[in-house]
Amino acid sequence: MKRRIAMVLGGVLAAAALSAPTASADPLEERPDFKAPYQCDEKGWTYFSEHEYDGAIDINWGSGEADRGKPVLASADGTVHLGEGGGAGKYVELDHGGGWQTRYLHLDSQDVEEGAEVKQGQQIGTLGSTEATVAHLHFDQRLNDEGVDIHLEGKNLAPYPVQENRKELISSNCRDGGDPGDPEPEDTTLAYTGDKSIANGSEATLSAELRTEESDEPVKGREVSFELGSEDGGGAVQTCDGETDADGTASCTVEVADQKLTDDGTVPLTATFAGDDAYVKSTADADLKLQHVEGRSYGLAAEVPLPLLPLSIDPTPDTGTLRTAEAESLGPECAESVNAVVLNADALCAEVAAEVGPSAVTSTATVADASIGLPGLPVVGVSGLTAKSTSSCEASAGSVELELTVAGNPVEIPDTPGFEVDLGLAGKLVVNEQIPVEGADKGLTVNAVHLTTLAGADVVIGSSTSSAHDCA
């Protein structure tokens, strides 16, 4: 930064005629005990300057962009004035009383509020390069708005060396409980703001917002750790870390979620800010939903109240209900045949298969051929039957393939759900019956053939159900 510093900075610093420091403008006995404006015991910070006209120095570690974000500390107790622009970038000016000021220019962030009272060693910003070409701290001391020789750590740093001859200065700006005192760390709150529902096999984005409890201000540049899952739940604990941004939000990603499905379908999440000298530890707990699917299929089921010999056939073969958040399948042994007085079927199979990344399930029932011959109704014949139902958190879909005859005559089946075949007043035959699953985010039951009668008969050939849960 060159002589353009002699201008109004953000409306706060008055332009003044810049003159070389004089002894009368720098009474040593009135000077505060200024400490280096960086972390205690830091070594390797160097100082150099081309600003002897106003007593300013430039401070860095000599590492360029690698220095960005390092804490900038108050050199002494003072009152905060903030500004930006005029060649100074973002800056903080501290009024120390008695006409004394210090200025901290080109900051990446201003971590204090206008008018705040700060203590020596308190972080007021982070090192940056706003309106500069490289990350560094432009620092000066003033008495009654005139630049003076800079004294830090009890040393007069003038005359200042050029960059090639920069010197090391070790900080004792420790806030160790002695004079001027160590301010109490601020209480914080942490609130979980990430994904509310996760799916095994997919990435999970975890985030939380860290703020001060009293003033509700965002806390920047702090690490928040996340733990997904619990060993008590029988699964692995997956972790990731994130650093809070200017809005106080820390985010990270678990690349492939892998959690066990519990009875209530939830996964515990804990976010933790460990705390430091400036801010008190805080945690946030949440129960995330684990996306999961359910599926069931069977080949045939019937209830026929015949006058002399009532017929009852349980679902055959039946997968039972598969409830899972993992990739797995159910497939009982196929039934070779079902033979009853009014109902016959051959080669009946049923299967349910689930996958992850994201979660989805497909239920399939197949029957090679079947016939239904109930009293008072024409014989219904079925061959090449496949009933399929597929569900994920995105959608559900069903399909039916079969050839149908009624009283020996072929019936053309349109590609639309819920097609009714006329059997007269005594019975109702529905092909490709599709029924939404109650209580699911997405779900569908597909019955390939469903025959009911006024006498109370109920016959289903080829039934598949799929559903997705805890999607949002």
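This is a predicted model: local features need pLDDT of at least 70, side-chain atom pairs count only at pLDDT 80 or more; totals for chains, interfaces and linings use all residues.
Strand S10, spanning residues 137–143, is largely enclosed by the rest of the structure, because seven of its seven residues are buried.

The pairing of S10 involves several strands. Strand S6 (residues 100–107) runs antiparallel to S10 and is joined to it by six bridges. Within this pairing, leucine 105 has histidine 138 of S10 as its bridge partner. Strand S2 (residues 57–60) also pairs with S10 in the antiparallel sense, over three bridges. Here, histidine 138 is the bridge partner of aspartate 58. S10 and S11 form a hairpin with two residues between the strands, in which asparagine 144 adopts a positive phi near 55°.

Electrostatic contacts were examined next. Side chains of opposite charge can pair when their charged atoms come close. Over the whole structure, 13 salt bridges are found. One of them connects aspartate 77 with lysine 119, with 3.9 Å between the closest N and O atoms. Aspartate 77 is located in the loop between S3 and strand S4 (78–84), and lysine 119 in the loop between S8 and strand S9 (123–126), so this pair ties together parts that lie 42 residues apart in sequence. Aspartate 77 is partly exposed, its relative accessible area being 29%. Lysine 119 is likewise classed as partly exposed, at 35% relative accessibility.

Another salt bridge is formed by the side chains of arginine 211 and glutamate 209, at an N to O distance of 3.5 Å. Glutamate 209 is partly exposed, with a relative accessibility of 27%. The side chains of aspartate 276 and arginine 222 also meet in a salt bridge, with an N to O distance of 2.6 Å. Aspartate 276 belongs to the loop between strand S21 (266–273) and strand S22 (282–290), while arginine 222 belongs to the loop between strand S17 (204–212) and strand S18 (223–228); the pair therefore ties together parts 54 residues apart in sequence. The two partners fall into separate accessibility classes: aspartate 276 is partly exposed at 32%, whereas arginine 222 counts as buried at 12% relative accessibility.

The largest pocket has a volume of about 1000 Å³. Its lining comprises 37 residues, among which Asp111, Gln122, Gln123, Glu186 and Tyr279 lie nearest the centre of the pocket. By residue class, the lining consists of 14 nonpolar, eight polar and 15 charged residues. Strand S3 (71–73) and strand S8 (117–118) each contribute at least two residues to this lining.

Technical notes. Residues are numbered from 1 along each chain as its sequence is written. Side-chain values use heavy atoms; hydrogens and water are left out. On a 1 Å grid over the protein atoms alone, a cavity is a set of points where a 1.4 Å probe fits but cannot get out, and a pocket is an open set with protein on both sides within 12 Å along at least five of seven lines; lining residues have an atom within 4 Å of a point. Grid points are joined across faces, edges and corners, and a volume is the space filled by probe spheres set on the points. Helices (H or I, at least four residues) and strands (E, at least two) are DSSP runs, numbered from the N terminus. Ala, Val, Leu, Ile, Met, Phe, Trp, Tyr, Cys and Pro count as nonpolar, Asp, Glu, Lys and Arg as charged, and the others, Gly among them, as polar. A salt bridge is a side-chain nitrogen of Lys or Arg within 4 Å of a carboxyl oxygen of Asp or Glu. Buried means under 20% relative accessible area, exposed over 50%, partly exposed in between (1.4 Å probe, protein chains only). Two strands pair if DSSP finds at least two bridges between them.
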